[in-house]
Amino acid sequence: MIAPTLACADWLNLQEEIHIMDRAGVDSYHIDIMDGHYVPNLCFNLDILAAIRRVSATPVDVHLMVTNPLDYVDRLAACQVQLACTHLDSWGDPGEFLDALEDRGIRKGLALSPEDGVERLEPWLERLDYILVMFVKPGFSGQPFRPELLGKLTQLDTLRRSRGLPFLIEVDGGVSWENAGDIVKNGADLLVSGAFASLDRQGDLGERTAAFRALSASRCRHAAERGMNR
Ligand code: DX5
Ligand code: ZN
């Protein structure tokens with residue numbers, strides 16, 4: 001499954017590009033929300049998220065890179081987002097964030113930054129619908145993929161199999177045509193597709209999107225039973 005990251009779309013033609021990607025059959029849109037504090041950058045905000053939701057029925061997974069994630073949850077619910085996650089070192093107890101999502105019927109995720117080990121997720125593992133594993137430093141598109149982190153995917157995949165846990169594994173940062181096979185082979189279900197993948201601006205967006213989805217699906221072991229619309 002693929003989740004194009006709208007950070008890499010043409011923002012001045014966002015609606016048009018979303019419709020092209022919708023027709024190509026994407027599984028989700030990955031929406032980066034930043035506050036300029038948790039990370040030194042800004043990206044989408046909640047108003048743009050609401051506008052995106054109005055023009056497309058495709059599910060969205062919201063990646064919060066903000067200091068105060070709990071303050072965003074009501075508006076995520078108002079936008080009827082399907083999935084949302086935050087980082088472990090934002091303010092507040094991650095458990096409270098998960099409670100807030102659960103109360104509003106949003107599927108729950110936590111994000112691992114490159115320096116976070118898988119063991120940090122242990123207290124919440126059984127509650128998670130998905131885990132976002134970052135292969136670049138949060139904050140900017142276009143950074144190189146760090147293959148030395150691939151072991152985290154096998155660790156998570158082994159964990160869920162041995163304990164019968166249902167969480168999906170989403171990979172974010174530096175995903176490319178070249179490394180997608182390895183990423184899926186190591187256990188990923190959902191690939192965030194940006195500047196090195198379907199949004200590389202190297203040709204027709206619809207064709208690139210469909211081709212990248214086919215590439216990920218041909219390698220994905222879990223895709224069939226772990227759909228986004230569950
Ligand atoms: C980085 C963001 C990513 C980013 C990925 O902070 O979380 O979602 O958009 O872009 P690429 O695929 O270009 O690394
Ligand atoms: Zn992201």
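Biologist: Which strands does helix α2 (residues 46-55) lie across, and at about what angle to β2 does this helix run?

Modeller: In this predicted model, where local features need pLDDT of at least 70, side-chain atom pairs pLDDT 80 or more, and totals for chains, interfaces and linings use all residues, helix α2 lies across β2 and β3 (60-65), running at about 165° to β2. Residues are numbered from 1 along each chain as its sequence is written, chains are lettered from A and ligands numbered from 1 in the order written, and side-chain values use heavy atoms, leaving out hydrogens and water.

Biologist: What makes the geometry around the zinc ion (ligand 2) octahedral?

Modeller: The zinc ion is coordinated by H30 (NE2), D32 (OD), H63 (ND1) and D172 (OD), at 2.1 to 2.3 Å, and the spacing of these donor residues in sequence is H-x1-D-x30-H-x108-D. The six donor atoms around the zinc ion subtend angles of 70 to 173°; octahedral requires six donors with opposite ones over 155 degrees apart and all others between 65 and 115, so the arrangement is octahedral.

Biologist: What do H63 and D172 tie together?

Modeller: H63 lies in strand β3 and D172 in strand β7, so the pair ties together parts that are 109 residues apart in sequence.

Biologist: How do you know whether H63 and D172 are buried or exposed?

Modeller: Buried means under 20% relative accessible area, and exposed over 50% (1.4 Å probe, protein chains only). H63 has a relative accessibility of 0% and therefore counts as buried, and D172, at 7%, is buried.

Conventions. Contact = heavy atoms within 4.5 Å. Axes fitted to C-alpha atoms, helices over the stretch in contact; angles between N-to-C directions. Helix = DSSP H or I, 4+ residues; strand = E, 2+ residues; numbered from the N terminus. Donors = N, O, S within 2.8 Å, 3.2 Å for Na, K, Ca; no water. Tetrahedral: all angles 85-135°; square planar, octahedral: opposite > 155°, others 65-115°.
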